[in-house]
Amino acid sequence: MKLCMIGTGYVGLVSGVCFADLGNDVICVDKDNNKINNLKKGIIPIYEPGLEELVLKNYKNNRLNFSTNLKESIKKSDIVFVCVGTPTRRNSNSADLSQVYSVAKEISKSINKFKIIINKSTVPVTTGDEVEKIIAKKVSRKYFSVVSNPEFLREGEAIRDFIYPDRVVIGSNDVKSKKILKNLYSPLISKGAKFLSTNRRAAELIKYASNAFLATKITFINEIANLCEKTEIDVEDISIGIGLDKRIGSRFLRAGPAYGGSCFPKDTKAIVSTADKFKTNLSVIKSVIKSNQIRSDILQKRVNLILKNKVKNKKISFLGVTFKANTDDMRDSSSLKLIPYLSRRGAQIKYYDPTGFKKEFSKLKNVEFSQSIQDSIKGSDLIVIHTEWNDFKSINFRKFSKNKKLIIYDMRNIFSPDKIKKMGFKYFGIGR
Ligand code: UGA
């Protein structure tokens, strides 16, 4: 099929490349000239394992193309995916839909034959209705169908999540479009993905409810971890113990520094805002948002406790600063609160991240990027393992550090406490 992806951000680029790899002709469009020129040269704007290889392969095969010409790209395509950003609006919790609506206007000017317009951007319930109204101002409804097809890709795992999704959700009341889309996704369905067909509004809400539920699960285990810390219980035992109940499930029960990234913080706020609009109180999700926000205070207190309140001049090494492993994304990372706090308290901080230097810390006092794990931890009093990169999982601290009083604060519980203690170092984890 001929597909057009509007927006070459995370969702548009990954989905476009994967659709091309399934044998479709795909044009990825973006208004950013520089980005498109770079993509044509094989320069990828984001860090995502496996993405570069797939871009190069499919661009070379001519199944994947890049363009800044929106009108022409829409005209050439049967299916148009809207994959633009829906960030949180300034001074509000609701999603900013200006890019979605402006793309809808552009699409309405370029419909030359029947087209399926798919909303892949995360958009509040009823956005599809608005998009349909905008396009219908210019074009008869018999020439287009607006469908919601949410994505469930995790950064760092996006290609695998695309190829092996748990489910494909298509929200539309139009039988013809559903059939075409089931066919588009048939290579994934035949490998085991469940196909779920709903009305458009339900598909829109499935996306937000999924992210809000996962955020709730993480926040739940983070609060249980707080209790574990006071009762000498290892939260890892609790995660396994409750996760074995199939009604609960074991995934997304890893206690950590707080959920971050470009989705959970934004989407939990947006679903509450949508519910407010419809005069419904989503009190559970409101509590989750609050609990996640105050988690940074809890972490700060714990670092103070670990350092016996003597933070000034302490040498602290951060391993990993992004919101999780396998991404270069800093958005809403818990390190953005913790590192400035420790810098203000006079700590001397070095950080190493496999994805390199972060401009977010460049103006902070006594915060320095290290080129290697070894450089970062040399001479440290405290090592904070902030993300769970494989690179950190088998560090021999004894080899790299001569400091007998070295303390390890493992915020992802990637080490066995006993192993670290046997090396002669003090170990603190989350909820253990
Ligand atoms: C999330 C969802 O998992 C995807 O399904 C969804 O498509 C995506 O948002 C989106 O809406 O676009 P992502 O934000 O990339 O994906 O990352 P996750 O792997 O979900 O992690 C989010 C945060 O939760 C991270 O800070 C991570 O460290 C934290 N987390 C995750 C935990 O603390 N514990 C866990 O058990 C899992």
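Buried area is the accessible area, taken with a 1.4 Å probe, that two parts lose on being put together, summed over both. In this predicted model, the area buried between domain 2 and domain 3 is about 780 Å². Carbon and sulfur atoms give 44% of that area. The points below cover the division of the chain and then the interface of these two domains.

**Domains**

**Contacts between domain 2 and domain 3**
- Nine residues of domain 2 are in contact with nine residues of domain 3.
- Five residue pairs, with both residues at pLDDT 80 or more, are in polar contact between domain 2 and domain 3.
- One salt bridge is found across the interface of domain 2 and domain 3.
- Arg302 and Glu229 form a salt bridge, and their closest N and O atoms are 3.4 Å apart.

**The side of domain 2 that touches domain 3**
- Helix H10 (200–231) and helix H13 (283–306) each supply at least two residues of this side of domain 2.
- H10 gives the most to the side of domain 2 that touches domain 3, with three residues.
- By residue class, the side of domain 2 that touches domain 3 has seven polar residues, one nonpolar residue and one charged residue.

How values were computed
Residues are numbered from 1 along each chain as its sequence is written. This is a predicted model: local features need pLDDT of at least 70, side-chain atom pairs count only at pLDDT 80 or more; totals for chains, interfaces and linings use all residues. Side-chain values use heavy atoms; hydrogens and water are left out. Contact means heavy atoms within 4.5 Å. A salt bridge is a side-chain nitrogen of Lys or Arg within 4 Å of a carboxyl oxygen of Asp or Glu. A polar contact is a pair of N or O atoms within 3.5 Å; within protein, one must be able to donate a hydrogen and the other to accept it, and residues adjacent in sequence count only if both atoms are side-chain atoms. Helices (H or I, at least four residues) and strands (E, at least two) are DSSP runs, numbered from the N terminus. Ala, Val, Leu, Ile, Met, Phe, Trp, Tyr, Cys and Pro count as nonpolar, Asp, Glu, Lys and Arg as charged, and the others, Gly among them, as polar.
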